[in-house]
Amino acid sequence: MSNAIGNDPEDEIEASRAPLMDHLIELRTRLIICVAALFIGFGVCFAFADQIFLFLVHPFTVAQKLLAAQQAGGHHGPFDLLLALVGLKDIPSTDTKALGLVYTAALEFFFTKLKLAGFGAVVLTFPVLAWQLYRFVAPGLYKNERGAFLPFLLASPVMFLLGAALVYYVMLPFVLWFSLSQQITTAGISIQLLPKVSDYLTLVTTLLLAFGLCFQLPVVVSLLGMAGIVSSKLLRDGRRYAIVGVFIAAAILTPPDPISQMTLAIPMCLLYEIAIWCVWLIERRKARDEREAGTDVATI
């Protein structure tokens, strides 16, 4: 009987209690670590800001080369751009002029690199930030909750990277190809795409954030299911409304073309189904644990 009482979850929480001042000191320590990590990440990303920007511009460069090859008599399209970015298709070596990106203010590119470094710092240091958050809230969680929380810390950056990869290798090729195909060059007029460096970075980072955050859907819904806020039945019953909401969100977050909207909406619908499955598994596990706990109590 004493062993059963000693292993009670409430005893675990009581044993981890600390005075308010200790909590504030620990919070200060965690915040200092997070700020230091962000500063270090910012410095590293700013030192390599040019290389990071060139990496983000690479799809634009490849799209321009493929479009020039198509205009020279080749047969290329957005799917060829996708294949070229993943290394499954050779990039044509055409005699095209360098990609033109402009900035119209003296310090525009400098501030663009600052924004890029800030964005990169958050992405680069996310594991540190998430770990510090977990270490701060872990004493207030039951032992089984701490064990269940860790997989979500791992799943969150993985899902964000999947969303970012979808942007870089699928979304951007279609958007850039569509944009470049709108250019007009005749004997009397030339209409060319000359995006500003700040506008291009804003487009890319907005898409990366939108897709990365939308891909957190299974993680967020699973946490809500673990907390008992939503159930698999509720999610299944609200499927039609969720699909409408997904397409509305896709129309708001993506450029105004149907391909871009479908590129976000279809994965989101699939992720919603995955979220239902995850919540169903959590419910089964909870039911099994409750049955086992009931059996242990009956035995005692």
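# A first look at a pocket and the helices around it

By class, the lining of the second largest pocket holds 19 nonpolar residues, two polar ones and no charged ones. Here Ala, Val, Leu, Ile, Met, Phe, Trp, Tyr, Cys and Pro count as nonpolar, Asp, Glu, Lys and Arg as charged, and the others, Gly among them, as polar.

This is a predicted model, in which local features need pLDDT of at least 70 and side-chain atom pairs count only at pLDDT 80 or more, while totals for chains, interfaces and linings use all residues. Residues are numbered from 1 along each chain as its sequence is written, and side-chain values use heavy atoms, with hydrogens and water left out.

**The chain as a whole.** The secondary structure comes to 13 helices and two strands; these are DSSP runs numbered from the N terminus, with helices (H or I) of at least four residues and strands (E) of at least two. Of the 300 residues in the chain, 34% are buried (buried means under 20% relative accessible area, exposed over 50%, partly exposed in between, with a 1.4 Å probe and protein chains only). The chain exposes about 18000 Å², and carbon and sulfur atoms supply 68% of that area (Shrake-Rupley method, 1.4 Å probe). Among contacts (heavy atoms within 4.5 Å) between residues at least 6 apart in sequence, 82% join residues at least 24 apart.

**Back to the pocket.** Which residues lie nearest the centre of the second largest pocket? They are Phe-126, Ser-156, Pro-157, Phe-160 and Gln-216, out of 21 lining residues. Two or more lining residues come from each of α6 (108-124), α7 (126-137), α8 (143-180), α9 (197-214) and α10 (217-226). The largest share, seven residues, belongs to α8. The volume of this pocket is about 440 Å³. A pocket is an open set of points on a 1 Å grid where a 1.4 Å probe fits, with protein on both sides within 12 Å along at least five of seven lines, and lining residues have an atom within 4 Å of a point. The volume is the space filled by probe spheres set on the points.

**Three of these helices.** The expected span of a helix is 1.5 Å times one less than its number of residues.

| Helix | Residues | First to last C-alpha | Expected span |
|---|---|---|---|
| α6 | 17 residues | 24 Å | 24 Å |
| α9 | 18 residues | 26 Å | 26 Å |

In α7 the buried residues are Ala-130, Gln-132 and Tyr-134. The buried residues of α9 include Val-197, Tyr-200, Leu-201 and Phe-211. In α6, Thr-112, Leu-116 and Phe-119 are among the buried residues, and what covers the buried residues of this helix includes α3 (20-47), α4 and α9.

Is Phe-53 buried or exposed? With a relative accessible area of 6%, Phe-53 is buried; its place is in helix α4 (residues 49-71). Beyond its neighbours within four places in sequence, Phe-53 is in contact with Leu-101, Phe-109, Thr-112, Leu-116, Val-197, Tyr-200 and Leu-201. Phe-53 and Tyr-200 are 147 residues apart along the chain, and their C-alpha atoms are separated by 9.9 Å.

Val-170 sits in helix α8 and is partly exposed, with a relative accessible area of 21%. Leaving aside neighbours within four places in sequence, Val-170 is in contact with Leu-82, Ala-165 and Thr-263.
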